[in-house]
Amino acid sequence: MEAVRSTPGDSAKLYESIFENLREGIIVADRELRVSLFNRAAMDMTGYAEQEMIGRLCTEILDRKLCGERCFIAETRDTGRGISDYQVNLTRKDGTDRAISFTTAPLINGDEVEGVIIAFRDVTELVQLKQEVSERYQVHSIVTRNREMRRILNLVEQAADTPAPVLITGETGTGKELLAKAIHYASGRSNGPFVAVSCAALAENLLESELFGHVKGAFTGAIRDKAGRIALAEKGTLFLDEIGDLSPVLQVKLLRVLQEYEYEPVGESRTRKADVRLVAATNRDLETAIAEGRFREDLYYRLRVVPIHLPPLRERTEDIPLLVEHFIGKLRKRYKKNIRSIAKDAMAALVSYSWAGNIRELEHAVEFAFVRCPHEVIGKSHLPEEIFRAPNLPFQKKRIEFKSLPAHEQDKRMREALEKTRGNKTQAARLLGISRVTLWQRLKAGTPGSEPSP
């Protein structure tokens, strides 16, 4: 293809076309701050017509209340220095308010500032989305009637605005990440990022790079510098899920972050500072891991300055009706179905079920019922079949934590569960109130009842 050459006249038309079709509003003001030039986006965002803008003071177009004690446009004219991403609420001509982000630059001719270029964009939807996310994860939005959960939420409010590390423990599906987000949004770091990483999802060498970042050439495939999750979480919160799966080498490096607030990216000798709040979570028994030499005791106590243990759903059954109502309201918007409630016998079935997968499993069960239900009320027939297939064992009603039992009692109950479920490990795990992975690990270790199978 041959190069296309343009004449000066063509260039002028090209620049004018680009100027008019920019998505950002552009206003040029002279030294008296009167509008001398503007584009179509500026008219759309302010609500003023072309004849209403030219020659008027920019503060009349951009709302006088923007002046206040500091007029950032006049400041740019007087100092010759621009400002970036100055966010304010702008009242349009029709009286509606929009969140606007402004950037300014001086218009210089020789050594003189002849005016100011003002670029602005509408960030209303972005601000609203951020507010919705923040409200979703506020402490007061967590649904509970349970006394222990209310105590936990009170502790979260007390600890949120401190720099203290938090260790959240609990079974899979109890809402550990939800609580971590509540801590973040209740803290002074809520305007910063919330960055989550699973310590079980990646191999050790990949996880090290993911956490600490790397420099170009640090290893095969490192073709450019990459910021790690610690850097991405700067001035915010870093959430380390499945912390019990962290390798011994990375445990040492994480301990340094907690003690010295510094780290080194992979392949770099220069030390970097870390300004992050650390929240960790695990469903593993870390004290047992310490006794077995798999987890550092000093790291454990550094992490658990504020220890929080989330109770399993079977120990807070009074919350099940509240949670079901909450999930129905959320799913009604997503599926656009006019489902309003759940039948009493269906609710009774949910309350009596053991919920090995905890809140996550309950939410999935309600969503399954939502898909099947053609009416306004969810009935028993719409619930997943496993809720009715799993038999109840007498020890379920005692709500005794399986892992707190002596080894011989655990073996006995595992035998009972496997016999009742005819060797079905998924159902046996539900009856015991443990995950299938935990049951599999116990069977692999040689506990009686069945030969292990994945």
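Helices (H or I, at least four residues) and strands (E, at least two) are DSSP runs, numbered from the N terminus. This is a predicted model: local features need pLDDT of at least 70, side-chain atom pairs count only at pLDDT 80 or more, and totals for chains, interfaces and linings use all residues. Residues are numbered from 1 along each chain as its sequence is written, and side-chain values use heavy atoms, with hydrogens and water left out.

**Stop 1: two loops**

Select Leu 33. It sits in the loop between strand 1 (25–30) and strand 2 (35–38). Is Leu 33 buried or exposed? With a relative accessible area of 9%, Leu 33 is buried. Buried means under 20% relative accessible area, exposed means over 50%, and partly exposed lies in between (1.4 Å probe, protein chains only).

Now select Asp 85, in the loop between helix 5 and strand 3 (86–91). Asp 85 is not a glycine either, yet its phi is positive, about 50°. At 49% relative accessibility, Asp 85 counts as partly exposed.

**Stop 2: aromatic rings**

A pair of aromatic rings is described by the distance of the centres and the angle of the planes. Rings of Phe, Tyr and Trp (its six-membered ring) pair if their centres lie within 6.5 Å; planes under 30 degrees apart count as stacked, over 60 as edge-to-face and the rest as tilted. How many aromatic pairs are there by this rule? The count comes to 8.

Show Phe 72 and Phe 102. They form a tilted pair, 5.2 Å centre to centre, with 50° between the planes. Phe 72 lies in helix 5 (residues 72–79) and Phe 102 in strand 4 (residues 97–109), so the pair ties together parts that are 30 residues apart in sequence. Phe 72 is buried at 1% relative accessibility, and Phe 102 is buried at 0%.

**Stop 3: a parallel sheet**

Strands of a sheet pair through backbone hydrogen bonds, either parallel or antiparallel. Here, two strands pair if DSSP finds at least two bridges between them.

Zoom in on strand 6 (residues 166–169). It is joined to strand 12 by 4 bridges, and the two run parallel. Ile 168 stands opposite Ile 308 in strand 12.

**Stop 4**

Select helix 19 (residues 425–432) and helix 20 (residues 436–444). Their axes come within 8 Å and cross at roughly 105°. Axes are lines fitted to C-alpha atoms, for helices over the stretch in contact, and angles run from 0 to 180 degrees between N-to-C directions. Helix 19 and helix 20 are therefore roughly perpendicular to each other. Angles under 35 degrees count as roughly parallel, over 145 as roughly antiparallel, 65 to 115 as roughly perpendicular and the rest as oblique. Contact means heavy atoms within 4.5 Å. Residues making this contact include Ala 428 and Leu 432 of helix 19 and Leu 439 of helix 20.

**Last stop: cysteines**

How many disulfides does the structure hold? It holds 0. A disulfide is a pair of cysteine sulfur atoms within 2.5 Å. Select Cys 58: its sulfur is 5.9 Å from the closest cysteine sulfur, in Cys 71, too far for a bond. Cys 58 is buried, with a relative accessible area of 1%.
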